[in-house]
Each structure stands twice: as C-alpha cells, then as structure tokens.
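Hello,

Here is the structure we talked about, with notes on the ligand site and a helix pair below.

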Amino acid sequence: MGAVNVTNVFKRYGTKRALNGVSLSASKGYITAILGPNGAGKTTLIRIITTLINPDQGRIEILGKDPFKEKNVFNKIGYVQELPNLPPFLSGKELLSLSARLKGVNKEDIKRVLELVDMTENADKKIAKYSKGMIQRIALAEALLGCPEVLIMDEPNVGTDPILNLKMRDVLNHMRREGVTIVMTTHELEEVRKMADKVFFLFQGKVFFEGSTEDLVLKFLGIRVIIETQ
Ligand code: ATP
C-alpha cells in the first residue's frame with residue numbers, strides 16, 4: 001500500500017462525470033504525477049484527496065488514515081493549490097509567520113523553508129509585488145512548514161518561467177531525498193518526464209495508463225528516450 005491511496009473514486013457535477021472510478025497509489029518517498037489534458041479531472045481528484053470536496057463514491061487513505069474521518073492526518077500533509085491565491089497585502093514572511101502560528105509550528109522553521117525555496121531575499125516584500133513563480137514558491141514554503149510527510153501540489157509549474165520551474169524541480173528532488181511523498185498534477189508530459197517516478201495518465205475521469213515515466217513515453221510516443229535521473 002502507498003502513502004496515498006485512492007480507491008474507485010467517482011464524482012459528478014450535476015450531469016457531468018468528472019471522475020469515473022479512479023484508483024491510484026503513491027509510494028512513500030516518490031514523486032507521483034497525475035498527468036492529463038484540461039478537463040481530465042485532475043483538480044477534482046486533488047480536491048477530493050485534500051477533502052475540499054466529497055467523492056460520490058470511493059475511498060481515500062493517506063498515511064493509513066481516512067482524511068475525511070481523521071483530521072489529525074492533516075498535520076502531516078502540505079498542500080499547494082493551483083495558482084495560489086495569497087493575501088497580497090502580507091509579505092511572504094508575514095504569511096509564513098501567520099501560517100506557522102496556525103499550524104503550531106516553531107518560528108525557526110520559517111527560515112528553513114524560505115532558504116529551501118530560495119525566497120529569503122524576497123521574504124519582506126509584499127505578495128502583491130511577487131511574480132507568479134515567486135507566489136508558487138512562497139506557497140510551497142508555506143506547505144513545507146512543519147516538515148509534512150506528504151506534499152500534494154496542483155499544477156505547480158503552471159504559468160511560471162523555465163528557470164523557476166528548474167528551481168521547483170530542485171526543491172521537489174530535495175524533498176524526495178528526505179523521504180517526502182509527493183503527489184502532483186500537470187498537463188505537461190515533459191514535466192513528468194523530468195520529475196516523476198511514477199505517472200497516472202488521467203483522461204475523461206479515468207486512469208488510462210499507470211507506470212513509469214519511461215513506459216508512458218514509450219506507449220504514447222513510441223520512442224525510447226533517456227530519462228533524466230536527477
Ligand atoms: P484543468 O487542467 O483545466 O484544471 P482538470 O484535469 O483539473 O482540468 P477538473 O477541473 O477536475 O479537470 O474538471 C473535470 C471536469 O469537471 C471538467 O469537464 C470540468 O468542466 C468539470 N468541472 C470541474 N469543476 C466543476 C464544477 N464546479 N461544476 C461543474 N463542472 C465542473
């Protein structure tokens with residue numbers, strides 16, 4: 001069993017079927033990507049895993065617990081939503097201070113997460129002045145406060161530039177080495193190829209493929225590529 005398990009999850013919005021019996025498993029200390037085109041159901045799945053919405057049917061298990069029933073499991077989960085909507089009038093550091101207090105995390109941890117995402121120099125600027133990539137990184141820093149065991153990210157690189165994407169990749173690789181389980185969504189095969197250990201390809205609310213990134217590339221492109229192993 002993985003650190004995150006999704007079993008036979010269904011979700012409809014009115015007559016629209018967003019998820020149609022999705023099962024997946026993310027192993028401890030690995031980066032698992034949920035890849036799929038727009039409308040595949042990725043965000044719906046992430047919202048269910050993080051209990052923001054209920055599934056119509058199916059089961060979620062994180063670190064052996066049902067997050068809908070055992071809320072204390074959230075102490076071990078970090079979550080970065082798609083295009084994070086952070087309060088513009090706060091500085092990055094103020095946001096992290098507030099968040100640390102709410103999470104009951106030692107203030108010392110703020111320094112660690114700021115360094116990790118390379119935002120120490122910009123920590124005193126207002127979020128209103130941040131670029132999309134900086135917002136993404138401060139949101140990641142917030143999620144990493146308190147050293148979560150599981151990190152869930154919805155489209156972490158959407159709308160950011162390639163240099164910042166590289167930085168994000170560094171941070172996620174570091175977290176993986178620390179044993180953190182990472183689940184991320186994306187619609188870019190290239191991003192999966194460079195970052196993920198395992199991929200679930202979601203299409204029209206169903207898992208069409210699961211396997212290594214190399215297998216995915218072989219299956220969809222019919223060519224063997226050298227997978228970067230960083
Ligand atoms: P994207 O990459 O564009 O964010 P996605 O893979 O995350 O797409 P979802 O946002 O989960 O996909 O959407 C799955 C399907 O459910 C889509 O057809 C979408 O239009 C529909 N949908 C999502 N949210 C709602 C909602 N609140 N009400 C009605 N339909 C919705």
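A polar side-chain atom of T44 sits 2.5 Å from an oxygen atom of the ligand. That is a polar contact (a pair of N or O atoms within 3.5 Å). The backbone takes part too. A polar backbone atom of T43 is 2.8 Å from a ligand oxygen, and one of A40 is 3.0 Å from a ligand oxygen. On its own the ligand has 630 Å² of accessible area, and the protein covers 63% of that (Shrake-Rupley method, 1.4 Å probe).

This is a predicted model: local features need pLDDT of at least 70, side-chain atom pairs count only at pLDDT 80 or more, and totals for chains, interfaces and linings use all residues. Residues are numbered from 1 along each chain as its sequence is written, and side-chain values use heavy atoms, with hydrogens and water left out.

The shell around the ligand holds 13 residues (a heavy atom within 4 Å of the ligand). G39, G41, K42, T43 and T44 are the closest. By type, the shell has 4 nonpolar, 5 polar and 4 charged residues; Gly counts as polar. Two elements give two or more residues each: β2 (16-26) and α1 (42-49). Helix α1 gives the largest share, 3 residues. Helices are DSSP runs of H or I, at least four residues; strands are runs of E, at least two.

Now the helix pair. Helices α2 (residues 92-103) and α3 (residues 108-116) pack with axes 10 Å apart, at an angle of about 130°. Angles run from 0 to 180 degrees between N-to-C directions, with axes fitted to C-alpha atoms over the stretch in contact.

Best wishes

Methods. A polar contact is a pair of N or O atoms within 3.5 Å; within protein, one must be able to donate a hydrogen and the other to accept it, and residues adjacent in sequence count only if both atoms are side-chain atoms.
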